[in-house]
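Please look over the two-chain model below.

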Amino acid sequence: MFSVEVSSSVASVSVSSTSNRGHTPEEVADRCLEKIIQISDDAPPEIQQQARAYCDALRNVLVYYMKQAVVSDRTTLFNLLKTQGHNDLAELLRRL
Amino acid sequence: MAISQAMCTSFKKELMTATHNFTNSSGNTFNLALYTNSASLGAATAAYTSSNETSGTGYSAKGAALTNVTPTSSGTTGLTDFSDLTFSTVSITARGAMIFNESATGDPAVCVLDFGSDKSASSGDFTVQFPIANSSAAIIRIA
């Protein structure tokens, strides 16, 4: 008699929510970093330190370019609203 | 009444009948539906139900479609993942979620997720963050 045992598991998720606003580039960057870099508690202290420094540098880059994307998207929306005749809304968006 | 995090028993059986295909783009569509703390969900849950599903501004029944990450393996573990899912501009409260196969007949359940406590968004974003996709943390693993 032969049998093969297989185990399956489901992991936990986390939830991030906001009130009266969306997520900021900083909050999104933190989520993004969790997907890119994992620092093991078992790693030597100097490696952990190096990894954290890299993480901080990467976070700054991510936040900068996310902010650029937000500004660029507002330009797209500004033009879209303007071409649809919503000049007041377009102006409000431009001033954000 | 409770939400117990579990991989649904029916899903384990359905893996052996090729009911589910997690391949990105060409695979099935998997949805994530949100539930209140009055829901009763767990390993015995076999399919999507609208009973005690979250309701509120910006949220529709059956939740939203997930973006599949094509299954892969790491060592002796097979795993699959989904991209984080954001319900934008919503006013809702949820205690847990169910992932189910929207493409398959009867909307069979995959797993039940317990958030640990009620989570709320008010005129804001409600984001479900999936863990990193590796052999020890991915959302769905078979070892």
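In which strand of chain B is Thr77(B) found? Thr77(B) is found in strand β5 of chain B, residues 77–82. Strands here are DSSP runs of E with at least two residues, and helices are runs of H or I with at least four, both numbered from the N terminus.

## Basis of the model

This is a predicted model: local features need pLDDT of at least 70, side-chain atom pairs count only at pLDDT 80 or more, and totals for chains, interfaces and linings use all residues. Residues are numbered from 1 along each chain as its sequence is written, chains are lettered from A and ligands numbered from 1 in the order in which they are written, and side-chain values use heavy atoms, with hydrogens and water left out.

Thr77(B) counts as buried because its relative accessibility is 11%. Buried means under 20% relative accessible area, exposed means over 50%, and partly exposed lies in between (1.4 Å probe, protein chains only).

Leaving aside neighbours within four places in sequence, Thr77(B) contacts Thr72(B), Ser135(B), Arg141(B), Ile142(B) and Ala143(B). A contact here means heavy atoms within 4.5 Å.

## Strand β2(B)

Strand β2 of chain B spans residues 30–35, and six of its six residues are buried. In a regular strand the side chains alternate between the two faces of the sheet. Both faces of β2(B) are covered. Phe30(B), Leu32(B) and Leu34(B) lie on one side, with Asn31(B), Ala33(B) and Tyr35(B) on the other.

β2(B) has an antiparallel pairing with β6(B), residues 85–101, over six bridges. Two strands pair if DSSP finds at least two bridges between them. β2(B) is also joined to β3(B), residues 64–65, by two bridges, again antiparallel. Asn31(B) takes part in both pairings: Phe100(B) stands opposite in β6(B), and Ala65(B) is the bridge partner in β3(B).

## Ile3(B)

Where does Ile3(B) sit? Its place is in the segment before β1 (6–7) of chain B. Ile3(B) counts as buried because its relative accessibility is 8%.

Asn37(B) is 34 residues away along the chain, yet its C-alpha atom is 7.1 Å from that of Ile3(B).

## Where the chains meet

The contact takes 23 residues from chain A and 33 residues from chain B. In chain A, Val10(A), Val13(A) and Lys35(A) lose the most area to chain B, together 27% of what that side buries. Between them, the chains bury about 2,300 Å², with 47% of it on carbon and sulfur atoms. Buried area is the accessible area (1.4 Å probe) that two parts lose on being put together, summed over both.

Two salt bridges are counted between chain A and chain B. One of them links Asp84(B) and Arg31(A), with the closest N and O atoms 3.5 Å apart. A salt bridge is a side-chain nitrogen of Lys or Arg within 4 Å of a carboxyl oxygen of Asp or Glu. On the chain A side, β1 (8–10), β2 (14–17) and α1 (25–36) each supply at least two residues. β2(A) gives the most, with four residues. β1(A) also runs antiparallel to β8(B), residues 140–142, and three bridges join them. Within this pairing, Val10(A) stands opposite Ile140(B).
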